[in-house]
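Reader: I am new to this one. Please show me the structure, and then I will ask about it.

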Amino acid sequence: MNTADFISKKTLETIINASYTWQTPSNIALVKYWGKSEPQIPKNASISFTLNNCHTITTIDFEKIPTITGTSKSRTATFELFFEGKKKDDFKPKIAKFFERIQEYCPYILDYKMMIYSENSFPHSSGIASSASGMSAIAMCLLSLEKELNPNLTTDFINKKASFLARLGSGSASRSIEGPLVVWGKHPEIKGSSDLYGVKYPNKVHPIFENYCDTILLVDKEEKQVSSSIGHNLMHNHPYATQRFKQANDNLNQISKILQNGNIKKFIALVESEALTLHAMMLTSNPYFILMKPNTLEIINKIWEYREQNNSNICFTLDAGANVHVLYPNSEKKEIELFIKNTLSNYCQKKQYITDTVGLGSKKI
Ligand code: PMV
């Protein structure tokens, strides 16, 4: 499918009032996306686990704006935003920009006043990026309205368009519609993959990766000093950019084999290398920056020590921040959770962490 396929056709039905609620997940990339060109086109393909407990729940109430003869339709979306029960005017510019970017594909949004009510399952300012789940939740609510306006839309189209729209809000949000594994970015080895939207990983996955666990260690809950969009931009003219984009695509090829054959030792090596390479890109950009904190490194060393001593399959990955995602198979859950509680939590702010598993994607509520 190409961009033109996502421009909504003339609506068939008339809807005056509607309300939809969606729960959409956060995700954690195994092969990372870092670097893009306009409009939100990734420089390499990425793959992520969809999470289960870390999600956003968003309701949008739509009310049709009466047309007054002689006046022209508004050219910008009309909306109010409430986050965890409170009006949030400081989040509005980001959402307004998102609506501006997508109105070409969803012109019907200009016909409605939208009241948006959103909440996250994870604590606010936990350092967990909420843009992926936040943007995908809005996209799913819009697609619910679009489906009522055009009842012949298929589920496959709805998922693709929701991912396409979410991507225009935040790149990684394109991977927050479906689960348990989603690929975003065109890749010759992944059937159906596209730069425009995320697709469910199409091959059969080895049972060792079923119900895989991810415990997020909250090392630093402050807003990060360098945003992802600045970080992505620093990949333009980055001395290692070309090599990195090639490596990521090669790694996607590798991980696709690993996900099918269940070679967990290779999984661990690839996932940790991806995390450290992402941060190496930050360390070597101009200007350079560091998002890891001393406790991020303490945790990594403790994980390596534990893995060695216990012949464990624990490993870590990192987002664009200081928090550590601890990944492990469900079969080792009991002992690893004890290790997290007794040892790793000492390196977290207020000993806080969030236990999660891989999930199946967005749900209508
Ligand atoms: O979606 P963005 O623009 O916030 O970028 C996120 C990039 C990483 O989280 C660091 C990696 C990824 O693939 O999710």
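Reader: In which loop is the place of Pro 39?

Author: This is a predicted model, where local features need pLDDT of at least 70, side-chain atom pairs count only at pLDDT 80 or more, and totals for chains, interfaces and linings use all residues. Residues are numbered from 1 along each chain as its sequence is written, and side-chain values use heavy atoms, with hydrogens and water left out. Helices (H or I, at least four residues) and strands (E, at least two) are DSSP runs, numbered from the N terminus. Pro 39 sits in the loop between β2 (36-37) and β3 (41-42).

Reader: What is omega for the peptide bond that joins Glu 38 and Pro 39?

Author: Most peptide bonds are trans. The bond joining Glu 38 and Pro 39 is cis. Its omega is about -15 degrees.

Reader: Which loop holds Pro 287?

Author: The peptide bond from Asn 286 to Pro 287 is cis, with omega near 0 degrees. Pro 287 is found in the loop between α6 (264-283) and α7 (294-310).

Reader: Is the phi of Asn 311 positive or negative?

Author: Most residues other than glycine have a negative phi. Asn 311 lies in the loop between α7 and β11 (315-318). Asn 311 is not a glycine, yet its phi is about 50 degrees, which is positive.

Reader: At what angle do the axes of α2 and α3 cross?

Author: Axes are lines fitted to C-alpha atoms, for helices over the stretch in contact, and angles run from 0 to 180 degrees between N-to-C directions. The axes of α2 (residues 131-149) and α3 (residues 155-169) come within 8 Å. They cross at roughly 135 degrees.

Reader: Why is α2 called oblique to α3?

Author: Angles under 35 degrees count as roughly parallel, over 145 as roughly antiparallel, 65 to 115 as roughly perpendicular and the rest as oblique. The crossing angle of α2 and α3 is roughly 135 degrees. That makes α2 to α3 oblique.

Reader: Which residues of α2 does α1 meet?

Author: Helix α1 (residues 92-102) packs against α2 at about 50 degrees, with their axes 12 Å apart. Contact means heavy atoms within 4.5 Å. From α1, Lys 94, Ile 95, Phe 98, Phe 99 and Ile 102 take part. In α2 they meet Ser 131, Met 135, Ile 138 and Leu 142.

Reader: How far is an oxygen atom of the ligand from an N or O atom in the side chain of Arg 175?

Author: 13 residues surround the ligand (a heavy atom within 4 Å). Among the closest are Ser 172 and Arg 175. A polar side-chain atom of Ser 172 lies 2.6 Å from a ligand oxygen atom. For Arg 175, the distance is 2.7 Å.

Definitions and conventions: A polar contact is a pair of N or O atoms within 3.5 Å; within protein, one must be able to donate a hydrogen and the other to accept it, and residues adjacent in sequence count only if both atoms are side-chain atoms.
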